[in-house]
Amino acid sequence: MSAPGQATSLLEQLGVDRAQLQSGDLVVRTPITGEELARVARTDAAATDASIQRAAAAFTAWSDVPGPHRGELVRLLGEELRREKEALGALVTLEVGKIAQEGLGEVQEMIDICDFAVGLSRQLYGRSIASERPGHRLTETWHPLGPIAVISAFNFPVAVWSWNAALALVCGDPVIWKPSERTPLTALACMSLLHRAVERFGGAPTGLAELVIGGADRAVQLADDPRIPLVSATGSTQMGKDLAPRIAARLGRSLLELGGNNAAIVAPSADLDLVVRGVLFSAVGTAGQRCTSLRRLIVHETIADEVVDRLAAAYRSVPVGDPRDPGTLVGPLIGADSFGRLEEAVADARAAGGEVVAGGDRLLADEFPDAWYASPTLVRMPSQSAVVERETFAPLLYVLTYSEPDEAIALQNGVPQGLASSIFTTDLREAERFLASSGSDCGIANVNIGPSGAEIGGAFGGEKETGGGRESGSDAWKAYMRRQTATVNYTNELPLAQGIVFDVPS
C-alpha cells in the first residue's frame with residue numbers, strides 16, 4: 001500500500017473522518033518518501049479564541065470532579081491506546097519517519113503515563129504543618145490550576161502531549177493542544193481516541209480537550225492569553241526564548257522543554273562493548289532527532305583511537321532506509337532543512353579542524369528524491385569549538401578527548417544546554433563524582449547507559465537553555481496545580497504569628 005493510502009487507512013481505523021484529511025491548505029508529507037499524506041485545515045485566531053473559551057468553561061465543571069473520578073477518564077484513554085497501539089505507532093512512523101519499534105515505543109510511553117496518572121489521581125497529596133499558634137491547624141492543599149496549553153514538537157508528536165495531558169486531566173485542568181505543523185495527523189488521531197474515552201466516561205464537559213492546528217502565530221496567541229495559567233512548550237531554545245517573555249509579561253507560568261546538547265564521558269575503565277551499543281542507539285536513534293540524542297562523546301585520550309575505530313565500523317554498518325522495513329535502524333530526517341543544517345555543521349566542523357571519520361552523506365536520493373536520508377556522521381574534533389556548542393538536530397556525533405576527570409566534567413558542562421548526560425565507567429568513585437552536585441549540571445545524569453531515552457516514572461527536563469521545566473513522573477504534577485496554605489483556628493482565642501501582640505485598648 002502507498003504511504004498516502006496507508007495513512008488514510010490508519011486514520012480511519014483511529015476514528016478520524018476522511019473529510020478532515022482533505023479540508024484545508026496545510027499539506028502534510030511523510031518524510032519517508034516525501035509524498036503528500038493529507039491536507040488539513042488550520043485553526044484561525046477566532047476559532048482558537050473559541051477553543052480557549054470552551055476550555056475555560058470546562059475548567060469550572062472539571063475542577064469540581066473528584067480526582068479519582070478524573071483518573072477514570074485517563075484510565076479509559078489508556079485502554080483506547082492499548083487497543084490501537086499498532087495503528088497509532090504505524091501512523092507515528094509514517095508522519096515522523098521513526099522506525100516501527102520507536103513508533104510503538106512512543107505509544108507505549110503514552111500508555112505508561114496514563115497508568116502513572118491513574119494512580120496519581122488518588123495521591124494528589126498536601127501536607128499538615130506544625131503551627132506555632134496553639135489551637136491552630138496549618139495545611140497545604142493542591143487545587144486545579146486552569147486550562148493548560150500544550151505546544152509540542154514534531155520529534156515526539158504524541159508522547160509529549162500525553163505526558164502533559166494525562167497529568168493535567170487528573171489534576172483537574174482542561175488541555176488545549178497545538179502540535180507541530182509537521183504532525184497534525186497523529187494529533188487528530190489522539191484527539192479521536194480521547195473522544196472515544198470521553199464518550200465511555202460520560203459527563204465530561206465540552207472543551208475538556210481542544211486541538212489548535214497552526215504555526216507560530218497560534219503558539220503566540222496561546223502564550224499571550226491570560227485565561228491560560230500554564231503554557232507547556234517543547235521545542236527549540238529559540239522558540240522558548242520567544243514565548244517565555246510573552247507568558248511572563250502577563251505573569252503566567254511556563255513549563256519549557258527546549259534544546260539538548262548531550263554528552264557521554266567514556267572513562268578508561270569503561271566496558272567498550274557497552275559503550276559502542278549505548279552510543280550507537282543514543283546518537284543515531286530517531287536519526288538523531290531526539291532532544292536527548294547523544295551529540296558529544298568525551299573519551300579518555302588513552303582509549304580514544306580504539307573507541308573511534310569501533311564506532312566508525314558500527315556507523316558504516318548501521319542500516320539506513322525506509323523505517324517501515326523490519327531491518328532498518330535509522331530512518332529519514334524530517335525534511336530538507338534538517339539535512340541542510342547537518343551539511344552546514346559538518347562544514348563548520350571541518351573549518352574548525354574536525355576530521356569526518358564516517359558519514360556526512362545523503363543516502364537513497366535516487367530511490368527517494370523527495371526524502372532526506374543521512375548517513376550517521378562521526379566527527380573527531382580537536383576542541384569544543386562553537387559548532388560543537390550548538391545543537392544540530394541530526395545523527396551527528398562529535399568526539400573529544402580528555403586527560404583528567406575534572407576536564408571531562410568541564411567539557412560536559414561547557415555548553416549552554418543542560419538536558420541529559422552520561423558516563424561510562426566501572427570506577428565507583430568516577431561515577432559518584434559525575435553524579436555529585438559538582439558533577440554533571442544536567443537534569444538527567446546516567447551511568448553506563450547513554451543519555452537518550454527516559455522512563456515516565458522520573459521527572460523529565462533540564463537546566464540552563466533547556467528551560468528548567470519538568471514533565472512526566474515524580475512530582476511533576478505540581479506544575480499543573482496551585483498550592484494553597486490554609487490556617488484554621490479552632491479556639492476562641494486569637495494568638496498571632498511571630499508572637500505579635502495587637503490588643504485594642506478597652
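**View 1. An open sheet of 3 strands runs in the order β3-β4-β23, with antiparallel pairing.** The strands at the edges are β3 (127-129) and β23 (481-489), each with a single partner strand, so one side of each has no neighbour in the sheet. From one strand to the next, the twist averages 25 degrees. Strand β4 (residues 136-144) pairs with β23 in the antiparallel sense over 9 bridges. Within this pairing, tryptophan 142 has arginine 483 of β23 as its bridge partner. Two strands are taken to pair if DSSP finds at least two bridges between them. Helices (H or I, at least four residues) and strands (E, at least two) are DSSP runs, numbered from the N terminus.

The model is predicted: local features need pLDDT of at least 70, side-chain atom pairs count only at pLDDT 80 or more, and totals for chains, interfaces and linings use all residues. Residues are numbered from 1 along each chain as its sequence is written, and side-chain values use heavy atoms, with hydrogens and water left out.

**View 2. An open sheet of 7 strands shows mixed pairing in the order β12-β15-β16-β11-β10-β18-β19.** The edge strands, β12 (355-358) and β19 (444-447), each pair on one side only. The twist averages 25 degrees from one strand to the next. Strands β10 (residues 262-266) and β11 (residues 294-300) pair in the parallel sense over 5 bridges, and isoleucine 265 has isoleucine 298 in β11 as its bridge partner. Helix α12 (residues 336-351) packs on the sheet and touches β12, β15 (377-380) and β16 (396-402); the direction of α12 makes about 25 degrees with that of β16. Helix α14 (residues 405-413) also packs on the sheet, touching β10, β11, β16 and β18 (420-424), and the direction of α14 makes about 150 degrees with that of β16. Contact means heavy atoms within 4.5 Å. Axes are lines fitted to C-alpha atoms, for helices over the stretch in contact, and angles run from 0 to 180 degrees between N-to-C directions.

**View 3. The axes of helix α4 (residues 85-96) and helix α5 (residues 100-120) come within 8 Å and cross at roughly 125 degrees.** That angle makes α4 oblique to α5; angles under 35 degrees count as roughly parallel, over 145 as roughly antiparallel, 65 to 115 as roughly perpendicular and the rest as oblique. The contact is formed by Lys85, Glu86, Leu88, Gly89, Val92 and Thr93 of α4 with Ala100, Gly103, Leu104, Glu106, Val107, Gln108, Met110 and Ile111 of α5.

**View 4. The axes of helix α3 (residues 67-83) and α5 come within 9 Å and cross at roughly 155 degrees.** The two helices, α3 and α5, are therefore roughly antiparallel to each other. On the α3 side, Gly71, Val74, Arg75, Leu77, Gly78, Leu81 and Arg82 meet Val107, Met110, Ile111, Cys114, Asp115, Ala117 and Val118 in α5.

**View 5. Leucine 81 is found in helix α3.** With 2% relative accessibility, leucine 81 counts as buried (under 20% relative accessible area, with exposed over 50% and partly exposed in between; 1.4 Å probe, protein chains only). Not counting residues up to four places away in sequence, leucine 81 touches Leu88, Val107, Met110, Ile111, Cys114 and Leu193. Leucine 14 lies 67 residues from leucine 81 in sequence and 9.9 Å from it in space, C-alpha to C-alpha.
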